[in-house]
Amino acid sequence: GGYLLFHSLVELFSVAIAVSVFVIAMNCWEYIRNPYLLVIGVSYLFVGLLDTLHTLAFKGMGVFTSYDYYAPQFWIAARSMEAASTLFAFSLIGRRERLNRLLLFGGYAAISAGLIASILLYRVFPICFVKGHGLTRFKVDAEYTICAVLLLSLVQLYRHRRSFEAHIRQLVGVSIALAIAMELCFTLYVTDSMSDAFNEIGHLLKILVFYAIYRAVVVTGLSRPIALVFRELHQSEQGLLESLRRMNRELHAISNCNQTLLRATDEQALIDEVCRIVCEEAGYRMAWVGYVEHDAGKTVRPVAWAGVEGGYLAKAKITWADTERGRGATGIAVRTGKSSCFQDFSVDPNAAPWREDALQRGYRSTISLPLKDENASVFAALTIYSSEPNAFTIEEIRLMEELAGDLAFGLAVLRGRGEH
């Protein structure tokens, strides 16, 4: 009886925190720009729902009488959702589009309904505890998998550390670290009553996990809402100013490229100078121009480059054929005649053949722009690399396409002069 009361109080405390996080996120949705907080806010309502069912299903509560061990199943469902949501939330940091509240809510509602139905209605959710035996292999493996996901979340927290105030970052980090310790405790209990020391320690750690989230999100939202809003506004302002500065550099670089085009008398000197201007004046990491070859391998032959190249092009073996090495930004641009972007080398699946070499040289995103002749046939490509992920906005792509069009025209004019 004593442990049952302890367990119920711990779980109801965590449910209250989960609901509070949801309420704060819903009421501050229009002001919060950090998608991590929004995803955590919505997901915690459904984590709280699963935790409520876990509490009611705990042996001795007398709510579900057909089976004594629904509680570990609801525990795994709740912790899996919590861990996956944490990692998912980190993956959205840096996203420019606003999250769709109804779509997010509906998705979590559907997942939760599926989990609950799999446990109570269809009973296809894997067994987690066997009387007289203890934890099943599935339960232990699931806990270790949850720990692995949480470790990945810690890595993502470090990667996106600048998106959080220092004390909030520390609290989120502490909550994730404690959650890992909590999950490890729940790989060790064995008693049929599920009330041994490891179970107790795990639930004590759960109090600390949810308290850290409470401090990070709820107190921030209730006691410092204006500071939270102004932090978001300040970050938006800084982002806008940086975009304006970048656009100004690019416009200046395009202007200089156009001056170069007017004065150009040599094709090689022209593309060398354009690559130099793109890197030195527009601030990009590397730029190169490749000519389209109509050989058996459909190669794209580099003829000029500037910036941090470091032997990258020799190793890249870029082609415009519809093969693995032809599905990069350059190959797609040549093949389709349209601009092509990788907004993040670290995650784009098509970037796999070049990912390691690109990241070593500080390339995080890239755009390739086709150069077309008077017949609209692609004869070359201008490819540009940035040291920042998601660097190429719609406005910047438009400017880059304008530059590519001017360069293609200039090269056509020079070639026309040579023919005469």
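The second largest pocket has a volume of about 190 Å³. A pocket here is an open set of points on a 1 Å grid over the protein atoms alone, with protein on both sides within 12 Å along at least five of seven lines; lining residues have an atom within 4 Å of a point. The volume is the space filled by probe spheres set on the points, which are joined across faces, edges and corners.

This is a predicted model: local features need pLDDT of at least 70, side-chain atom pairs count only at pLDDT 80 or more, and totals for chains, interfaces and linings use all residues. Residues are numbered from 1 along each chain as its sequence is written, and side-chain values use heavy atoms, without hydrogens and water.

Residues lining this second pocket include Ala77, Phe88, Leu103 and Tyr108. Helices α3 (70-91) and α4 (101-121) each give two or more residues to that lining. Helices are DSSP runs (H or I, at least four residues), numbered from the N terminus.

A cavity is a set of points where a 1.4 Å probe fits but cannot get out. The whole structure has six cavities of 30 Å³ or more.

The table sorts both linings by class. Ala, Val, Leu, Ile, Met, Phe, Trp, Tyr, Cys and Pro count as nonpolar, Asp, Glu, Lys and Arg as charged, and the others, Gly among them, as polar.

| Lining | Residues by class |
|---|---|
| Second largest pocket | nine nonpolar, three polar, no charged residues |
| Largest cavity | eleven nonpolar, two polar, three charged residues |
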